[in-house]
Amino acid sequence: MAIYLAMFLVALLAVRTANYLVANNALRHEVDRRLAAEAAEFSDPARLADWQAMAIRHVADEQQDHESADLYFMLLDKAGRHLAGRLHLDRLPPMGFSDFGREARVPGVDHGRALARRFGDGSVLVIVSDNDDIDRFDSLLFRVQLVGLGITALIVIGGALWVAFTVSGRMRTMQRTVDAVVAGNLQSRIALDGSNSEFDRQAASFNKMLDRIGELMSNVRHAAKDVTHELKSPLARLRSRIAALVRRDGQGDFQAEAEAILAETDQIIELFASLMRLWEIEGGHRRDRFEPFDLAELIDEVVDGLAVVAEDDGHHLSVIAGPPAPITGDRSLMRQLLVNLIENAVRHTPPGTRIRVATDHAPDGRLMLVVEDDGPGIPADKHALVVRRFGRLEQSAGIRGQGLGLTLVDAIVRLHDGALRLEDAAPGLRVVATLPGRPGHRRRPA
């Protein structure tokens with residue numbers, strides 16, 4: 001910042017200096033223009049027989065005129081004799097424009113500008129301008145420029161120091177928050193001042209990031225606790241069965257016990273596989289597999305594969321024709337999302353339930369994936385519970401599963417920058433996944 005501040009001050013000094021030089025040059029040019037105009041009023045002696053008498057009268061008239069009171073005239077003949085004017089110089093100035101000071105000994109003039117002109121008959125006209133007032137104005141202009149430069153420099157330096165103090169203060173606040181989080185205080189946040197400034201918005205974004213980190217850490221803690229709880233029962237049952245086999249020492253139906261043990265083991269393996277996939281999704285590691293595809297085509301493919309399974313359980317599974325659904329995402333995860341939603345609907349609804357899958361586009365251009373059924377539905381106050389890890393309703397306690405189906409669905413939707421919500425289908429449950437779509441889609445033929 002010091003380098004930029006120094007460069008700005010140098011540029012400011014250059015501008016102020018240029019302003020002063022331009023104004024000073026304009027004043028000098030105006031004085032020269034006035035002297036030249038006064039000298040031009042004297043005609044060429046060769047054209048007038050009584051030129052000398054007219055020139056003397058003209059000098060007398062000019063010196064009586066109040067508009068030329070600051071001008072001094074001197075008219076000399078070709079022999080150097082003084083003919084007219086109140087100006088008396090010991091030495092003639094050079095022909096043309098010239099500056100002079102006190103050495104010229106002009107009464108009452110410390111500094112001036114002179115114009116000397118020689119006519120065709122040898123006579124000489126000298127006009128002197130008293131520049132004392134102009135010099136005072138020039139001195140005042142210089143002081144004004146100098147004071148303006150100082151005030152501007154103070155404002156700039158003060159502003160730079162204020163910005164540096166504000167930025168450093170914000171950075172120190174952020175650093176303290178980072179240090180607190182590193183030390184283990186995940187609840188530490190940057191205080192917002194409500195100004196909606198760039199710093200405030202940056203702090204809000206930083207706090208949102210910390211909120212997300214805290215949420216993930218909380219999920220990890222809850223996941224570990226939930227895994228311990230969920231594994232307790234199947235492991236206890238597995239141990240009991242193994243103990244029973246030992247006690248029986250080969251007696252009884254060994255095949256049935258072995259199959260039960262395998263089933264319990266498969267359930268544990270399936271649980272760990274689901275958790276591993278959930279953690280992989282929540283970590284965002286699947287984004288590098290994103291590619292464009294049509295979700296509507298994937299829906300047709302998944303529904304065709306699950307329609308027979310649904311019919312075997314007494315359900316009717318169908319697709320409501322809608323517009324194409326071009327998105328960019330992980331095709332395999334979106335397949336799992338559809339499978340989970342459809343299997344949940346089949347598993348938790350009675351035979352005869354109708355399950356419908358549809359896509360549509362919201363007014364803001366986002367894509368909506370809808371899976372709904374006309375089954376018993378879920379109470380609105382339980383929607384958050386069934387999306388949570390291992391969240392189960394009381395009536396679903398005896399149904400096989402890990403309670404991770406909707407949790408995986410929610411994680412997949414959030415990985416695709418979407419949102420999941422559960423609604424009452426009156427009757428039944430409607431699950432709506434809102435996803436960012438890709439532009440350029442066209443309506444599908446009905």
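**A walk through the predicted chain**

With a relative accessibility of 15%, I261 counts as buried (under 20% relative accessible area; exposed is over 50%, partly exposed is in between; 1.4 Å probe, protein chains only). The model is predicted, so local features need pLDDT of at least 70 and side-chain atom pairs need 80 or more, while totals for chains, interfaces and linings use all residues. Residues are numbered from 1 along each chain as its sequence is written, and side-chain values use heavy atoms, without hydrogens or water.

Stay with I261 for a moment. The residue sits in helix α5, which spans residues 254-282. Helices (H or I, at least four residues) and strands (E, at least two) are DSSP runs, numbered from the N terminus. Now look at P234. I261 and P234 are separated by 27 residues in sequence, and their C-alpha atoms lie 9.4 Å apart in space.

Step back to the whole chain. The protein chain holds nine helices and twelve strands. Of its 446 residues, 39% are buried. Take the contacts (heavy atoms within 4.5 Å) between residues at least 6 apart in sequence. In the protein chain, 62% of these join residues at least 24 apart. The protein chain exposes about 26200 Å² of surface (Shrake-Rupley method, 1.4 Å probe). Carbon and sulfur atoms supply 57% of that area.

Next comes a sheet. Five strands form an open sheet in the order β2-β1-β5-β4-β3, and their pairing is antiparallel. Strands pair if DSSP finds at least two bridges between them. β2 (82-84) and β3 (96-100) are the edge strands. Each has a single partner strand, so one side of each lacks a neighbour in the sheet. From one strand to the next, the twist averages 30° (axes are fitted to C-alpha atoms, for helices over the stretch in contact; angles run from 0 to 180 degrees between N-to-C directions).

Follow β1 along this sheet. The strand covers residues 71-76, and two bridges join β1 to β2 in an antiparallel arrangement. Here L75 stands opposite A84 in β2. A helix covers this part of the sheet: α2, residues 51-64, lies across β1 and β2. The helix α2 runs at about 165° to β1.

Now turn to the charged side chains. A salt bridge is a side-chain nitrogen of Lys or Arg within 4 Å of a carboxyl oxygen of Asp or Glu. By this rule there are 13 salt bridges. One of them pairs R81 with D77, with 3.0 Å between the closest N and O atoms. The two partners sit in contrasting surroundings. R81 is exposed, at 54% relative accessibility. D77 is buried, at 8% relative accessible area.

A second pair is E301 with R331. Their side chains meet in a salt bridge, at 3.4 Å from N to O. E301 is partly exposed, with a relative accessible area of 38%. R331 is partly exposed too, at 25%.

The side chains of E343 and R347 meet at 4.0 Å, N to O. Why is about one helical turn the separation of E343 and R347? Because the two residues are four apart in helix α7. E343 is partly exposed, with 34% relative accessible area. R347 is partly exposed as well, with 39%. Elsewhere, salt bridges with shared partners tie R356, E372, R421, E423 and R430 into one network.

Helix α3 spans residues 132-182 and includes I151. This isoleucine, I151, is partly exposed, with a relative accessible area of 47%.

Helix α9 (residues 405-415) is the last stop. How many of its eleven residues are buried? The count is nine, so α9 is largely enclosed by the rest of the structure. Among the buried residues of α9 are L406, L408, V409, I412, V413 and L415. T407, D410 and A411 are buried there as well. Just after α9, the backbone at D417 takes a positive phi of about 60°.
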